[in-house]
Amino acid sequence: MVNTHIRVNIARSFSSATHSYDISARLQRYTGKHLMSKLPNRTDLNIVDLGCGTGFFTNILASKYQQVFGVDLSKKMLHFAEARSTHDIQWVEADAYKLPFENNSIDVIYSNLMIQWCNPLSDLLVEITRVLKPGGLFVFSTLVDGTLHELKSSWKQVDDDKHVIDFKKEETLIQTFENSPFKLLENDVKDIVLEYENVLHLARELKGLGANHVPDKTKKGLAGKDKWKKMTKHYQDFQEPSGVYPATYCAFSGIAVKLNV
Ligand SMILES: C[S@@+](CC[C@H](N)C(=O)[O-])C[C@H]1O[C@@H](n2cnc3c(N)ncnc32)[C@H](O)[C@@H]1O
């Protein structure tokens, strides 16, 4: 079952981050570039940038491929992307679970750091296989368990609430693909450690990315000052001798092909 309420909140969270997104998107730039190298060389293809955000990679795709669609749940992100776009791109406001494309019509779906927001993933894969042509490719990156483990464990010492979204285990992700009409041709996981001046810097970056929304948090709103203080104290255990605060992101990239079934 697709949870519309959760989608609305995700869209709202990303919409509010539209103007701060690009300066906070260090991780997204890194994984997105890595994914670009996995795309097919043929240029006479149509391609969808699924969860295109501010359209940074959509424009790069449009400099190469014949027909490009930028799809996102957030209207504000799409307006921003369209306003600064330098290429002929069709911008589409849509939920990845209900794509406005015909069956078997798309050659490639590129998706950089979007599917970690999608639950259940199996339903999303059904929708993506519906629109892909047989032999079509799904080239994607996502985050897996271990991501932000420093922040998670620091919060764990303060209370039982959920302050960081749950990222799937690598094995679960692979299993979901194995049970789908896709064959995973390639996959890899890379731990990317970004450095922050302090914990507030990390929190601001997550907010700037719109990635601070936690769907199943029990207590809504900001944590109290005392709790925040306690959490940052625990985070000091991870502080490096140089004084910087690390945060780990476990980035999973994959290429999956739609089987001819
Ligand atoms: C972390 S941003 C990545 C943006 C872009 N791909 C990039 O590399 O900068 C995730 C994007 O996915 C979008 N998104 C999340 N869930 C979505 C869904 N179910 N359908 C379409 N877009 C979605 C958000 O609105 C947001 O713009």
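Rings of Phe, Tyr and Trp count as a pair if their centres lie within 6.5 Å. The model used in these exercises is predicted.

**Exercise 1. Aromatic pairs**

Find how many aromatic pairs the whole structure holds. Then classify the pair Phe 57 and Tyr 110.

Solution.
- Step 1. A search of the whole structure gives 12 aromatic pairs.
- Step 2. A pair of aromatic rings is described by the distance of the centres and the angle of the planes.
- Step 3. For Phe 57 and Tyr 110, the ring centres are 6.2 Å apart and the planes stand at 50°.
- Step 4. Planes under 30 degrees apart are stacked, and planes over 60 are edge-to-face. The pair of Phe 57 and Tyr 110 is therefore tilted.
- Step 5. Now place the residues. Phe 57 belongs to helix H4 (residues 56-62), and Tyr 110 belongs to strand S4 (residues 106-112). The pair therefore ties together parts that are 53 residues apart in sequence.
- Step 6. Check burial; the cut-off is under 20% relative accessible area. Phe 57 has 6%, so Phe 57 is buried. Tyr 110 has 0%, so Tyr 110 is buried.

**Exercise 2. A ring cluster**

Classify the pair Phe 177 and Phe 182. Which residues do ring pairs link into a cluster?

Solution.
- Step 1. The ring centres of Phe 177 and Phe 182 lie 5.9 Å apart, with the planes at 50°. This pair is therefore tilted.
- Step 2. Phe 177 has a relative accessibility of 1% and counts as buried. Phe 182, at 3%, counts as buried.
- Step 3. Ring pairs join Phe 138, Phe 140, Phe 177, Phe 182 and Phe 252 in a cluster.

**Exercise 3. Two packed helices**

Describe how helix H7 packs with helix H10. Is Ser 154 buried or exposed?

Solution.
- Step 1. Two packed helices are described by the angle between their axes and the distance between the axes.
- Step 2. H7 covers residues 149-156 and H10 covers residues 225-235. Their angle is about 125°, and their axes are 8 Å apart.
- Step 3. Angles of 65 to 115 degrees are roughly perpendicular, and those over 145 are roughly antiparallel. H7 and H10 are therefore oblique to each other.
- Step 4. H7 and H10 cross in a right-handed way.
- Step 5. List the contact. From H7 come Glu 150, Leu 151, Ser 154 and Trp 155. From H10 come Lys 227, Trp 228, Met 231, His 234 and Tyr 235. By class, five residues are nonpolar, two polar and two charged.
- Step 6. Ser 154 sits in H7. Its relative accessibility is 1%, so Ser 154 counts as buried.
- Step 7. Beyond neighbours within four places in sequence, Ser 154 touches Met 231, His 234, Tyr 235 and Phe 238.

Methods. Residues numbered from 1 in each chain as written. Predicted model: local features only at pLDDT ≥ 70, side-chain atom pairs only at ≥ 80, totals over all residues. Heavy atoms only, no water. Axes fitted to C-alpha atoms, helices over the stretch in contact; angles between N-to-C directions. Helix = DSSP H or I, 4+ residues; strand = E, 2+ residues; numbered from the N terminus. Parallel < 35°, antiparallel > 145°, perpendicular 65-115°, else oblique. Left-handed = near helix turned anticlockwise from the far one by under 90°. Contact = heavy atoms within 4.5 Å. Nonpolar A, V, L, I, M, F, W, Y, C, P; charged D, E, K, R; others polar. Buried < 20%, exposed > 50% of the residue type's maximum accessible area, 1.4 Å probe, protein only. Phe/Tyr/Trp six-rings, centres within 6.5 Å; stacked < 30°, edge-to-face > 60°.
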